[in-house]
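Reader: Hello! Could you take me on a close look at a single part of this structure and tell me what surrounds it?

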Amino acid sequence: MDLELRCPSCKEYYRSPVYLPCTHSLCYTCALTSIQTTNEHHHNQSTLDISSTSFASDLDKLSLTSDNDSGVLINRHSPSSSSSSSSSSSSSSSISSSSRPSSLLLPPALPEISSTSSSSFLPTTPIRHQTNKSYTTCLQCPVCSKIIFMDISGIKSLPKNRLIADIVNRYLGEKSSEQQQQHQQQQTPKCQLCRPSEERPITRICEQCRIGYCDQCREQYHPMRGPYSKHNFLDALQQFSNNSNEKIFCHEHTNRLATSYCLHCRLECCQQCLIHTNHDIVPIHQASKLYKTQLSSQLQCLSEKAKYGAEFLAKLKLYPDYIKKNGEIFEKNLIKDIDKLILTLENKKQELLTYIHKEIERKISLIHQQYSTYNAHIQRTTGFLQFSIEALKESDPYSYLQVCHGLNSKCSSIYGSFSDEYECKAHTSYEFDFTFNTECLYREIHRLQFQQIKPPLSPRFIAEQCLCHDEQSSTISGTLAWSMRDVGAIQGFILELDDGTFASEFREVYDGTETMCAVDGLLPSNVYTARVKAYNQAGESAYSECITLHSSSIYWFTFNPRTAHPDIQFLSNSTSKRATPNAGSGLSS
């Protein structure tokens, strides 16, 4: 059967086979490489000696719907029957669309098959007449040597042989599975309890003993009774098929498969490893179950966290809508409050305008009253002046003497009234004696601002940016940096530091709005603890988690080689000193 499933051209298994009208099959690639144009075929045929040509009157027909008529022309040559070129032209003209039944489903130009032999070939002229405007390509079957003529679509006009393709695929699948089973049987270890001359492949593996047995040795050395009754056997083929792709060998004995696992070293080992004697050693499958159980519990916790995170994410997705709604409500309330302030200012404006109008009327009324009173006094004074002038015209001295004393006193009285009662000064000023002070109001308006009703959250230190460094030989400074997720509600930060000495307390070293601070004057070889908090109008946040700074080591003494003991000296690298036990003190601070 293997030979029948191979292509006669490439001798390989069929790949996308196509069905030829001569009932043979070819690979699609082989048919594509064997195709040639009719002009090339006619040129090749014209070089041959053509002795006789015959076309059969009966056509070998392969129909798409029946076996009686397909429109496929097969020219057979037989020694017993020969015909002239006129008969061949008449047979070729008989293939037309009008001569076929209208019920047949035919392609536009079906392949035409021509048979040639060594003694007779097709004539050049009739073939050109037959293939005119219909057949442009052709190929020769490698089995029966028949010529198949095709239209411009070429190989695409040939139907695909799906039956052979399915048979080849199934045959190759069964063949690969058989080879895989044979390979697994060859790779299966032999039973170690059998005799060397009678080694048989293991069929069962004890899950507790981790030893493989064949069927005979299992019944003999590991019976399912007594202390072995609770042991569980595994299928060896299934185990080795699962582990065929990944074979793990012992780290100490590279030629032995690792059947155990050391929980202490976390390494695979075999039963002969001595370095894991005092360690917890379990079979590999048991270690796998143990770690799977551990991972399952962790995955369960992680799944709960992920579920909680997903729920939180779903809530967080709705936060923008909530923020927009609350913002709209807050805007409405703000507009309402501002409108109330504006209305209050409008009412106050009307009240102040009414007061100004009343003040204007009062001043005008007072001026009118003064005007009328002063006008009457001026009229009286004018009448007195006219009377006095007439009295001065009196020629009789006796008559003047009778009235002169009254006139003098009256004149003095009227003159005095101009200084006291009728002073030439308005009772009120035309200017207003008050002003409207808006400075305090402007200050309060500018001070209008939102007030925080909640204290801020705790800040967090940025550990990568918190460090100590030496600026000079005797000065150490440290840098502390922190961050806040929401800095919109922050007015400032307070940084506190503890030098770590006995009975020391945190002291405030910074108060400001920056999120980074440099601390100078640190002592060498000391551990400092820092914490920070944020504050706003509503209050202070909780302290952040403390962070420690380790200042670098600086020696508190200097080495003077002149006053030092001769046994104390620098080594060759000039970075360390060497001294004998009897050396005196040559260290100066």
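Author: Happy to! Contact here means heavy atoms within 4.5 Å. This is a predicted model, in which local features need pLDDT of at least 70, side-chain atom pairs count only at pLDDT 80 or more, and totals for chains, interfaces and linings use all residues. Residues are numbered from 1 along each chain as its sequence is written, and side-chain values use heavy atoms, with hydrogens and water left out.

Let's visit serine 541, in the loop between β21 (539-540) and β22 (547-550); strands are DSSP runs of E with at least two residues, and helices are runs of H or I with at least four, numbered from the N terminus. Beyond its neighbours within four places in sequence, serine 541 is in contact with Pro456, Leu457, Ser458, Pro459, Lys533 and Ala534. Its relative accessibility is 8%, so serine 541 counts as buried (under 20% relative accessible area; exposed is over 50%, partly exposed in between, with a 1.4 Å probe and protein chains only).

Now to a salt bridge, meaning a side-chain nitrogen of Lys or Arg within 4 Å of a carboxyl oxygen of Asp or Glu. Arginine 531 forms one with glutamate 496, their closest N and O atoms lying 2.9 Å apart. Because arginine 531 sits in strand β20 (residues 527-536) and glutamate 496 in strand β17 (residues 492-498), the pair ties together parts that are 35 residues apart in sequence. Glutamate 496 is buried too, with a relative accessible area of 9%. By this rule the salt bridges come to ten.
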